[in-house]
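Dear colleague,

Please find the structure below, followed by an account of what was found in it. I would be grateful if you would read the two side by side.

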Amino acid sequence: YSRASTVLSVGGIRQQFSLPENIRLSLFSATFLRTINEHLWVPHEPPIDLQFQPSGYLFLASQRGAASLEASVRLQREEGAKVALLSASQLKAKFPWINTEDVAVASYGLENEGWFDPCSLLNAFRRKATSLGVLSCVGEVKSFTTSAEDKMLGTAQSAARVKYVNVRLPSSPEQQPVSCAIVVTAAGAWTGELLDTATAGLPGKPSPAPFPIQPRKRYVYVWHCPEGPGLECPLLVDTSGAYFRREGIAGNFLGGMSPPEGDEPDTGDLEVDHGFFQEQVWPRLARRVPAFQALKV
């Protein structure tokens, strides 16, 4: 799982979206996480602890983005999310460590928002699946094989009828066919790449248009700042798009920023560009939180 988005993520959960579908999905997820031991606990194992930190998300908006943020909050409330709107003065009173210059309004999640340990969630799903009889093996999917009948039909529908998944195991150069009735692809950001490769030779496959699932590379940084925000610190999303959250209780923080549109980094590796933090992320963070002018990555 070293390349899985789950374990590489910042582990945030929020209801502050602009689409009803996202809001509803996250409200369901919040309930699931709060009652996780009713779903994923394994008898004779310790209770699951996701280390959930209910500190909320805090979105800042300039005058230019104020109307859009307010419209999103109205939608979120209609869907049942508990979100507060704060003026610049209210924001400063609640979080005095924020530089509120150029902030017109802020939205703050009051419930079911914050962050948790995503690796613990992944392991909880794995342990539960294993306890129910799922066999887990490590290998690389190389291709699919359809049944002989479907091969003869050669129709577009036949491409979906998979008889074997051909897997290469780490200890062998050969591929091992795994028979199956249903295949579920759960490769996350790498799903498009996997399906393009594994279905390349299937009969009835349509023209070689890529699957509309592509990875996007993002950098996440951890820094130390003893004078930074305290335990009440939410996951703050700045007007510039830079974000951060507290990481533990020892003055550590975690955050980053999406690259400018049209300047997506190469996804061929997962190396982190530390220059991006120095040049793009840090100046924005230090402007919003003056204490971050002195930090150590």
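Helix α2 (residues 20-34) has 15 residues, which at 1.5 Å a residue should span 21 Å, and this agrees with its end C-alpha atoms, which are 21 Å apart. The expected span is 1.5 Å times one less than the number of residues in the helix. Helices (H or I, at least four residues) and strands (E, at least two) are DSSP runs, numbered from the N terminus. The model is a predicted one, in which local features need pLDDT of at least 70 and side-chain atom pairs count only at pLDDT 80 or more, while totals for chains, interfaces and linings use all residues. Residues are numbered from 1 along each chain as its sequence is written, and side-chain values use heavy atoms, with hydrogens and water left out.

The buried residues of α2 are Ile-23, Ser-26, Ala-30, Phe-32 and Leu-33. Here buried means under 20% relative accessible area, exposed over 50%, and partly exposed in between (1.4 Å probe, protein chains only). These buried residues of α2 pack against β1 (12-13), α3 (36-39), α4 (66-78) and α6 (118-131), where contact means heavy atoms within 4.5 Å.

The protein chain is divided into domain 1 (1-136), domain 2 (143-199) and domain 3 (216-296); such bounds come from an automatic or database domain assignment. The C-alpha centres of domain 2 and domain 3 lie 40 Å apart.

Where does the largest nonpolar core lie? This core has 27 residues, and those with the most contacts inside it are Leu-58, Leu-91, Trp-97, Trp-223, Phe-244, Leu-285 and Phe-292. A nonpolar core is a set of buried Ala, Val, Leu, Ile, Met, Phe, Trp, Tyr and Cys residues joined through side-chain atoms within 4.5 Å. Two or more residues of this core come from each of β2 (57-61), β4 (105-109), β9 (220-224) and α9 (274-288), and α9 provides the largest share, four residues. Domain 1 and domain 3 both give residues to this core, so it lies between them. A second, separate core of 12 residues includes Leu-69, Leu-235, Val-237 and Leu-254.

Turning to the sheet, seven strands form an open sheet with mixed pairing, in the order β3-β4-β2-β10-β11-β12-β9. Two strands pair if DSSP finds at least two bridges between them. The edge strands, β3 (83-87) and β9, each pair on one side only. From one strand to the next, the twist averages 20 degrees.

Within this sheet, β2 pairs with β10 (residues 235-237) in the parallel sense over three bridges, and Phe-59 stands opposite Val-237 in β10. Helix α9 packs on the sheet and touches β2, β9, β10, β11 (243-246) and β12 (252-256), its direction making about 60 degrees with that of β9. Helix α4 lies across β2, β3 and β4 and runs at about 155 degrees to β3. Axes are lines fitted to C-alpha atoms, for helices over the stretch in contact, and angles run from 0 to 180 degrees between N-to-C directions.

The strands β10 and β11 pair in the antiparallel sense over two bridges. They form a hairpin with five residues between them, and Gly-241 in the turn has a positive phi of about 100 degrees. The pairing of β11 with β12 is antiparallel over four bridges, with Arg-246 opposite Phe-253 in β12. From β11, Tyr-243 and Arg-245 point one way and Phe-244 and Arg-246 the other way, and all are buried.
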